[in-house]
Amino acid sequence: MSDLIDSQTDVDDHAALYERFDESGLLSVGIDEELDGSGGTLADVVAIAEGVGFHGASVPIVTVSIARWIAAESGNAGVLTGVVTAALTELTEDELLTQDLEITAVAWGRHAHHVILCPSDGRPVVVSAGDDGVDTVKGSDLAGNASDTVLVTSSATRVVLERAPEPEAIRARFALLRTACLAGAIRGAYNLTREYVRTREQFGAPLVKLPAVASGIATVRTKVLEADAALSTAVRAWPSTTAPSDVLPIVAGRVVAARCASDTARLAHQLHGAIGTTEEYRLHRLTASLWAWRDADLPEADWATLLGEMVTRAGERATWDSLGPQAITAGAAEG
């Protein structure tokens, strides 16, 4: 991953970095070669997403790889050519087909030839940028990544992907890959902060010798372990490339990663002091990504609400059985 993202310039040149990832086939990993993919497993996609997160890179790995996966699984890989991105929405399939739409926070929307709108219920619906009834308003997220609004009028052509994965599987894949991005960025922020407090001196000694600093960096380390354990548990809940066996640990992992992202960003800036706020310093890119990805696809609060509903339905015993002891032992092994 580092040989693809080897400088600040590479990370900031969004289009060039996207092209580099696309040419290398990384955006199509996890899709069978027979379906125009690069092969590999979902675990491989997770590893790539972690690497993107670790560098705070401006690559829409989650939305583009999921869009290509949906297109491939529905038999439309050869039809939805060019740049394809996907967006989660709380609307239903029927609402996507009958209403004028204003879909916000569409990653890479301005560059997309096709946008796959993923409903809360029903099959995904595709709109195309070349359609006269489709328009894009440019925007950006907290990290400066393209996060646009797609407007769809009644005259736009909308195509239903008949054989696409189920909505629950699509939503779970968004949650899993975004958790991987967050876990990577949390580790990147921790590594950078640890190095800073070890090498920066005050009163003739490294900052880490100060009890408050040592306590702070230890707390960030626990966030790394917590996010890693949540991600590992979520990955184990997805034994195949098509659908998870249990969605609860995946949604739980998304919620845990978002909470760890908030804590890590706050502590990392506190431990760095003023230097952590400058755009030229790598911490700025990592923490801005943490804040942006924490609420990407669906807001953190929505994932927490969904998790609460799932736990209420499942009950306490079934919830803990779903998460399993591996969620605890994974973190202990890392320590």
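This is a predicted model: local features need pLDDT of at least 70, side-chain atom pairs count only at pLDDT 80 or more; totals for chains, interfaces and linings use all residues.
Reader: OK, so how far does helix 3 reach, and what would you expect?

Author: Helix 3 covers residues 42-55, which is 14 residues, and reaches 20 Å from its first C-alpha to its last. That is close to the 20 Å expected at 1.5 Å a residue.

Reader: Which residues are buried in helix 3?

Author: The buried ones are Leu42, Val45, Val46, Ile48, Ala49, Gly51, Val52, Gly53 and His55.

Reader: And what follows helix 3?

Author: Glycine 56 does, and its phi is positive, near 60°.

Reader: How many bridges join strand 2 to strand 6, and do they run parallel or antiparallel?

Author: Strand 2, residues 101-107, is joined to strand 6 by five bridges, and the two run antiparallel. Leucine 101 stands opposite valine 152 there.

Reader: What about strand 5 and strand 6?

Author: Strand 5, residues 134-137, pairs with strand 6 over four bridges, in the antiparallel sense. Valine 134 stands opposite valine 152 in strand 6.

Reader: Which residues line the largest cavity?

Author: Its lining is Gly109, Ala112, Val115, Val127, Ala129, Val134, Thr136 and Val150. Valine 134 is the residue that stands opposite valine 152.

Reader: How does that lining split by class?

Author: Six residues are nonpolar, two are polar and none is charged. The volume of this cavity is about 30 Å³, and the structure holds one cavity of 30 Å³ or more.

Reader: Now the largest pocket. What's its volume, and which residues lie nearest its centre?

Author: The volume is about 570 Å³. There are 35 lining residues, and Ala105, Ala107, Ser147, Ala296 and Asp297 lie nearest the centre. The elements giving two or more residues to that lining are helix 4 (61-73), strand 1 (84-88), strand 2, helix 6 (167-199) and helix 9 (282-294).

Reader: Which element gives the most?

Author: Strand 2 does, with six residues. By class, the pocket lining has 22 nonpolar, six polar and seven charged residues.

Reader: Where is tryptophan 69, and is it buried or exposed?

Author: Tryptophan 69 lies in helix 4. Its relative accessibility is 1%, so tryptophan 69 counts as buried. Its C-alpha is separated by 16 Å from that of alanine 107, which is 38 residues apart from it along the chain.

Reader: And asparagine 76, where is that found?

Author: Asparagine 76 is in the loop between helix 4 and strand 1.

Reader: Why does asparagine 76 count as buried?

Author: Its relative accessibility is 19%, and buried means under 20%. Leaving out residues up to four places away in sequence, asparagine 76 touches Ala71 and Leu161.

Reader: How do strand 1 and strand 3 run?

Author: They run parallel, and five bridges join strand 1 to strand 3, residues 114-118. The bridge partner of alanine 86 is isoleucine 116 in strand 3.

Note on methods:
Residues are numbered from 1 along each chain as its sequence is written. Side-chain values use heavy atoms; hydrogens and water are left out. Two strands pair if DSSP finds at least two bridges between them. The expected span of a helix is 1.5 Å times one less than its number of residues. Buried means under 20% relative accessible area, exposed over 50%, partly exposed in between (1.4 Å probe, protein chains only). On a 1 Å grid over the protein atoms alone, a cavity is a set of points where a 1.4 Å probe fits but cannot get out, and a pocket is an open set with protein on both sides within 12 Å along at least five of seven lines; lining residues have an atom within 4 Å of a point. Grid points are joined across faces, edges and corners, and a volume is the space filled by probe spheres set on the points. Ala, Val, Leu, Ile, Met, Phe, Trp, Tyr, Cys and Pro count as nonpolar, Asp, Glu, Lys and Arg as charged, and the others, Gly among them, as polar. Contact means heavy atoms within 4.5 Å.
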